[in-house]
Amino acid sequence: MSDDVRAVRAGRRTVQIRRPGKVLFPGGGSASEYTKGDLADYYRSVAPYLLPHVRGRPLMLERYPDGLDGQRFMQKNTPEHYPDWITRAEVAKEGGTVTHVVCDDTATLLYLADQACLTLHRWLSRTDRARGPDHPDRLVFDLDPPGDDFGAVREAAGGLRELLGELGLPAAPMTTGSRGLHLVVPLDGSHDFDDVRAFAHDVAEFAVAQHPDRLTTAARKQDRGDRLYLDVQRNGYAQTAVAPYTVRARPGAPVAVPLTWEQVDDPGVDARRWSLADAVDQARSDPWAGAPGRGRSLKRPRSRLAALRG
């Protein structure tokens, strides 16, 4: 095998990583340099922890064939040259359909690394369940701070957790690997995207009404001022959210990682605390071990929210 190609075994398949020495994340300052080979090694190691969060879900792929300094490609359609053993999901879009990659195994994850796919953006629904892709089994609140103020994120996350607890909904926190946090609520799949997004919007508006000086649902940045943005737009059909343990396209290769609530409260933790170099250690600690495995209906939480709103 040429030095420009490395063969990596993944289950019954062997995946070729071409040009493993190609730099995808240039170093500089405090940021470490990482190559395509490093990316492939990371995804192979983290696969047992990442795959449960993406199996059965259409993906949007964020690719940088020439590294961070090159052009970005946001890829929805699966190219014809992708191997036939990679799972695909054809879903409806306005005026037709689109065929997404579905990452069901380590070999697919390695193939995507070879394609310089840094970040996996997942649907909040699955195509392999009875109700299909129109019914999400995840609800996501995206806490987007002004600047890099993770203290504001920590405070907002605690308040939103308390509110969701009053509604009977558990929430699992995850860094985005960028600036903020996602709070992920497991659902039972009985509601469609319109219902889920409407509920998330109502929850966010209620939270903002309690803290109008600190929180906002304003989609336009110029309307937010110095308030934290509670973004619920990811809960629409065909919208995506970064998958747990995926690498972000930022210097130093930060990783989106699940957290315990104790870690959220830790002043030493921020959105980019873990990177390609150490995120597998966080994965092995199983931070969501205590999170409920059963998804919830929104019927009772909707009634509880109505009572709170008076």
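Helix H2, residues 106–114, is largely enclosed by the rest of the structure, because eight of its nine residues are buried. In this predicted model, a residue is called buried when its relative accessible area is under 20%. The buried residues of H2 are Ala 107, Thr 108, Leu 109, Leu 110, Tyr 111, Leu 112, Ala 113 and Asp 114.

What lies over them? The cover includes helix H1 (36–50) and several strands, among them S1 (5–10), S2 (13–18), S5 (58–63), S8 (96–102) and S9 (117–122).

Leaving aside residues up to four places away in sequence, Asp 114 touches Gln 16, Ile 17, Arg 18 and Lys 36. After H2 comes Ala 116, which has a positive phi, near 60 degrees.

## A sheet of five strands

Now to another part of the chain. Here five strands make an open sheet with mixed pairing, and their order is S11-S12-S10-S14-S13. Strand S11 (172–175) and strand S13 (215–216) are at the edges; each has a single partner strand, so one side of each has no neighbour in the sheet. Two helices are found against this sheet, and their placement is described next. Helix H3 (residues 150–166) packs on the sheet and touches S10, S12, S13 and strand S14 (228–231), with its direction at about 15 degrees to that of S12. Helix H4 (residues 193–210) lies across S10, S13 and S14, and runs at about 35 degrees to S10.

Strands in a sheet pair through backbone hydrogen bonds, in either a parallel or an antiparallel way. Strand S12 shows this with two partners. With strand S10 (residues 138–144), S12 (residues 181–186) pairs in the antiparallel sense over six bridges. S11 and S12 also run antiparallel, joined by four bridges. These two strands, S11 and S12, form a hairpin with five residues between them, and Gly 177 in the turn has a positive phi of about 75 degrees.

| Residue in S12 | Partner |
|---|---|
| Pro 186 | Arg 138 |
| Val 185 | Leu 139 |

Is S12 buried or exposed? Six of its six residues are buried, so S12 is largely enclosed by the rest of the structure. In a regular strand, side chains alternate between the two faces of the sheet. In S12 both faces are covered: Leu 181, Leu 183 and Val 185 are buried on one side, and His 182, Val 184 and Pro 186 are buried on the other.

## The whole chain

Stepping back, the chain contains seven helices and 15 strands. Its radius of gyration is 20 Å, close to the 19 Å given by the globule rule for 310 residues, so the chain is as compact as a globular protein of that length. Along its principal axes, the C-alpha trace spans about 70 × 45 × 35 Å.

How much of the chain counts as buried? The share is 52% of the 310 residues. Among contacts with a separation of 6 or more, 67% are between residues 24 or more positions apart. The chain exposes about 14100 Å², and carbon and sulfur atoms supply 42% of that area.

Key: Residues are numbered from 1 along each chain as its sequence is written. This is a predicted model: local features need pLDDT of at least 70, side-chain atom pairs count only at pLDDT 80 or more; totals for chains, interfaces and linings use all residues. Side-chain values use heavy atoms; hydrogens and water are left out. Buried means under 20% relative accessible area, exposed over 50%, partly exposed in between (1.4 Å probe, protein chains only). Contact means heavy atoms within 4.5 Å. Two strands pair if DSSP finds at least two bridges between them. Axes are lines fitted to C-alpha atoms, for helices over the stretch in contact, and angles run from 0 to 180 degrees between N-to-C directions. The radius of gyration is taken over C-alpha atoms; the globule rule is 2.2 Å times the number of residues to the power 0.38. Accessible areas come from the Shrake-Rupley method with a 1.4 Å probe; for residues, only the protein chains shown count as cover.
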